[in-house]
Amino acid sequence: MQKTHVHNVERVEPQDAAGVLPALTDILLDCVEGGASVSFLAPLSREKAQGYWRGVLAAMTAGERILLLARDEQGQIRGTVQVILAQPENQPHRGDVAKMLVHRSARRQGLGQALMEAAEREALAAGKTLLVLDTASDSAERLYARTGWTACGRIPGYALLPDGEPCATTYFYKALTR
């Protein structure tokens, strides 16, 4: 079976939030089960994952975040990323990219790059000219470097992997231009 390439990235609107909750929950569960350092320890319960996404959806509805998702050709949600718009008053130009998650079965098909490009466009449209992100210091770093992000520091033992093992975190930034 040939894997489907995903390039259909869309912004979640408040009226669509309830409909995407199950798929977003599945992606988060899959990423944690696969060992991704995305703020949760294993085993992650469905209830806890849903609670996380409910908070994200509430922040999105309040205009504090942009939530993007990518669907495959069958319409299944396979990846997601967020842009956090709410920043301190002395940083109105900055946004944070958070929770770039791709289901393990959809990786290495250009989905991460498509999500990052969409996040940058949406952030720029929202008036953000500087984006920052942090990631576990692993293979995800290649994606950010390849898409023009600049690594600016690495902190050893900053976070834990889902199995409780410490991992380093790398910080990146990207200046956006029109």
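**Ground rules**

I number residues from 1 along each chain as the sequence is written, and my side-chain values use heavy atoms, with hydrogens and water left out. Since this is a predicted model, local features need pLDDT of at least 70 and side-chain atom pairs count only at pLDDT 80 or more, while totals for chains, interfaces and linings use all residues. My helices (H or I, at least four residues) and strands (E, at least two) are DSSP runs, numbered from the N terminus.

**Helix 1**

I began with the length of helix 1, residues 17-33. The expected span is 1.5 Å times one less than the number of residues. For these 17 residues that gives 24 Å, and I found the end C-alpha atoms 24 Å apart, which agrees.

Where does helix 1 bend? I found a bend of about 25 degrees at Ala 23, taking the bend as the angle between axes fitted to the seven residues ending there and the seven starting there. After the helix comes Gly 35, with a positive phi near 95 degrees.

Next I looked up burial (buried is under 20% relative accessible area, exposed over 50%, partly exposed in between, with a 1.4 Å probe and protein chains only). The buried residues of helix 1 include Val 20, Leu 24, Ile 27 and Cys 31. An α-helix has 3.6 residues a turn, so residues three or four places apart point the same way. The buried residues of helix 1 pack against helix 2 (46-61), strand 2 (65-71), strand 3 (77-84) and strand 4 (94-102).

**Helix 1 against helix 2**

Two packed helices are described by the angle between their axes and the distance between the axes. My axes are lines fitted to C-alpha atoms, for helices over the stretch in contact, and angles run from 0 to 180 degrees between N-to-C directions. Here I noted an angle of about 130 degrees, with the axes 9 Å apart. Helix 1 and helix 2 are therefore oblique to each other; angles under 35 degrees count as roughly parallel, over 145 as roughly antiparallel, 65 to 115 as roughly perpendicular and the rest as oblique.

I then listed contacts, meaning heavy atoms within 4.5 Å.

In the loop between helix 1 and helix 2 I stopped at Pro 43. The peptide bond from Ala 42 to Pro 43 is cis, with omega near -5 degrees.

Lys 99 lies in strand 4, and its phi is near 45 degrees, a positive value in a residue other than glycine. Arg 108, in the loop between strand 4 and helix 3 (111-125), also has a positive phi, near 65 degrees. Is Arg 108 buried or exposed? At 71% relative accessibility, Arg 108 counts as exposed.

Asp 30 lies in helix 1 and is buried, with a relative accessible area of 10%. Leaving aside residues up to four places away in sequence, I found Asp 30 touching His 103 and Arg 104.

Thr 147 sits in the loop between helix 4 (140-146) and strand 6 (150-160). At 12% relative accessibility, Thr 147 counts as buried. Thr 147 and Gln 113 are 34 residues apart along the chain, with C-alpha atoms separated by 7.1 Å.
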